[in-house]
Amino acid sequence: MRVKLELLMPLLAQYKTPAWATLVAGFFVLFALSLSMYLIFEHLSAYNNPEEQKFVLGVILMVPCYAIESYVSLVDPNITVYCGILREGYEALAMYCFGRYITACLGGEEKTIAFLKREGGSDSGQPLLHHASEKGIIHHHFPVNYILKPWRMGMRFYQIIKFGIFQYVIIKTLTASLSLFLEAFGVYCEGEFNLRCGYPYFAAILNFSQFWALYCLVEWYTATKDELAHIKPLAKFLSFKSIVFLTWWQGVVIAIMYSLGLLRSPLAQSLQLKSSIQDFIICIERRWALRQLFTSMCSLLNPTSS
C-alpha cells in the first residue's frame, strides 16, 4: 500500500534523531573531514603530477561530500531526498574524475589509444576466435561471455569502455534530476517498492547501469593493469568501486529489509526511518573509505612513483 506524503509528514515532524546516533555519526564525520582535508593539503603541497592529481582531488572530495550530506540528512530526515540527490550528483562527477584519472595515468587520451592499438595489434573489429592466450584480446567474464564476443584492444575497445563508464554518469544525473521532480509531486517514494512510485523503476535502471559501469571498470583494469603497475591500480579500483557501488546497493538492501520487516534490532528500531539507518552507516563508513583512498592514492605524493 502506498504511503501518501501528506500522511508521512506528521511522522517526520515528530521524529527526532537519537542523541547517541547524532554524537557517534558526528565523531566519524569530523574524523573523515579532518583526514580528507589533510590528504587534500598533502596533494596540493606536492602537486607533482597536476594532470593526474586534479582528478584525484575530485575523487577525494567525494568522501566529505558523502559524510556531510548524510549527517545533515540524519539530523533532519525531512530533507533526506534532496541530500541524496546532491550526493548522487557528486557521485556522477567523481565517476567522471576517476575515469579521467586512469586515462591521465596512461599519458592522456591520445597515448591511451596508441597504447591500446599497439597492444591489440589491430583495430579492424573482425570476429575473434576464442583463444585465451591471444595477445591484445580481452575475454569476458561469466555471464557476459555468453552474450558478447571478446574485445580486441584498440580504438573501438576504448570507446566501449569510455561510454560504458560515462553512461552511468549520464543516467545517474538524469535519475537524480527526475527524482527531484517526482518528489515535488509526492510520487518518488524513496525506499518503497511500489509500482506506482518512481523509486523501484529508478532502482532497476541504476542497478543495470551500475553493473555495466562496474563491468567496464573491471575490463579496463584487465587491459591496463601492467601498464599502470607503478600506481598500484588494483587498490585504486577496489577503493573507488567500494565507495560508489556498494553504497548504492547497501541502500537498496536496507530498503528491502525494512520493507520485509527484517530490521528489528534495538539500534535499527531507535532510528525508525530506513533513510536514517543508511545515513548513519554512511557517516561511519566514510572514515574507512577515506582510509582506503589515503592508502591507494599516496603513491602520487611521491614524485618518483609516476
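**α5 passes α7 in a left-handed crossing; find the angle and the axis distance of this pair.**

The model is predicted: local features need pLDDT of at least 70, side-chain atom pairs count only at pLDDT 80 or more, and totals for chains, interfaces and linings use all residues. Residues are numbered from 1 along each chain as its sequence is written, and side-chain values use heavy atoms, without hydrogens or water.

- Step 1. Helices (H or I, at least four residues) and strands (E, at least two) are DSSP runs, numbered from the N terminus. A crossing is left-handed if the near helix is turned anticlockwise from the far one by less than a right angle, and right-handed if clockwise.
- Step 2. Take the axes. They are lines fitted to C-alpha atoms, for helices over the stretch in contact, and angles run from 0 to 180 degrees between N-to-C directions.
- Step 3. Read the pair. Helix α5 (residues 80-105) crosses α7 at roughly 170 degrees, and the axes come within 9 Å.
- Step 4. Classify. α5 is therefore roughly antiparallel to α7 (under 35 degrees is roughly parallel, over 145 roughly antiparallel, 65 to 115 roughly perpendicular, the rest oblique).

**Describe how α7 packs against α8, and sort the residues of their contact.**

- Step 1. Helix α7 (residues 155-184) and helix α8 (residues 199-224) meet at an angle of about 155 degrees. Their axes are 9 Å apart.
- Step 2. That angle makes α7 and α8 roughly antiparallel to each other.
- Step 3. The α7 and α8 crossing is left-handed.
- Step 4. The contact of α7 with α8 has 18 nonpolar, six polar and two charged residues. Here Ala, Val, Leu, Ile, Met, Phe, Trp, Tyr, Cys and Pro count as nonpolar, Asp, Glu, Lys and Arg as charged, and the others, Gly among them, as polar.

**Check the span of helix α2 against its residue count, then list its buried residues.**

- Step 1. The expected span of a helix is 1.5 Å times one less than its number of residues.
- Step 2. Buried means under 20% relative accessible area, exposed over 50%, partly exposed in between (1.4 Å probe, protein chains only). In α2, Ala21, Ala25, Gly26, Val29, Ala32, Ser36, Leu39, Ile40 and His43 are buried.
- Step 3. Phe27 also lies in α2. Phe27 counts as exposed because its relative accessibility is 52%.
- Step 4. Compare with the record. UniProt (unreviewed entry) annotates a "transmembrane region" over residues 20-41, among others; such annotations may be inferred rather than shown by experiment, and positions follow the numbering used here, with feature names shortened. Residues 20-41 are 100% helix and 0% strand.

**Decide whether α4 is enclosed or open.**

- Step 1. Helix α4 (residues 62-75) has 14 residues, so it should span 20 Å; its end C-alpha atoms are 20 Å apart, which agrees.
- Step 2. Of the 14 residues, 10 are buried, so α4 is largely enclosed by the rest of the structure.
- Step 3. Those buried include Tyr66, Glu69 and Leu74.

**Locate Val144 and inspect the peptide bond from Phe142 to Pro143.**

- Step 1. Val144 sits in the loop between β1 (137-138) and β2 (151-152).
- Step 2. Val144 counts as buried because its relative accessibility is 5%.
- Step 3. The C-alpha atoms of Val144 and Tyr215 are separated by 9.3 Å, yet 71 residues apart along the chain.
- Step 4. Pro143 is in the loop between β1 and β2. The bond from Phe142 to Pro143 is cis, with omega near 0 degrees. Most peptide bonds are trans.
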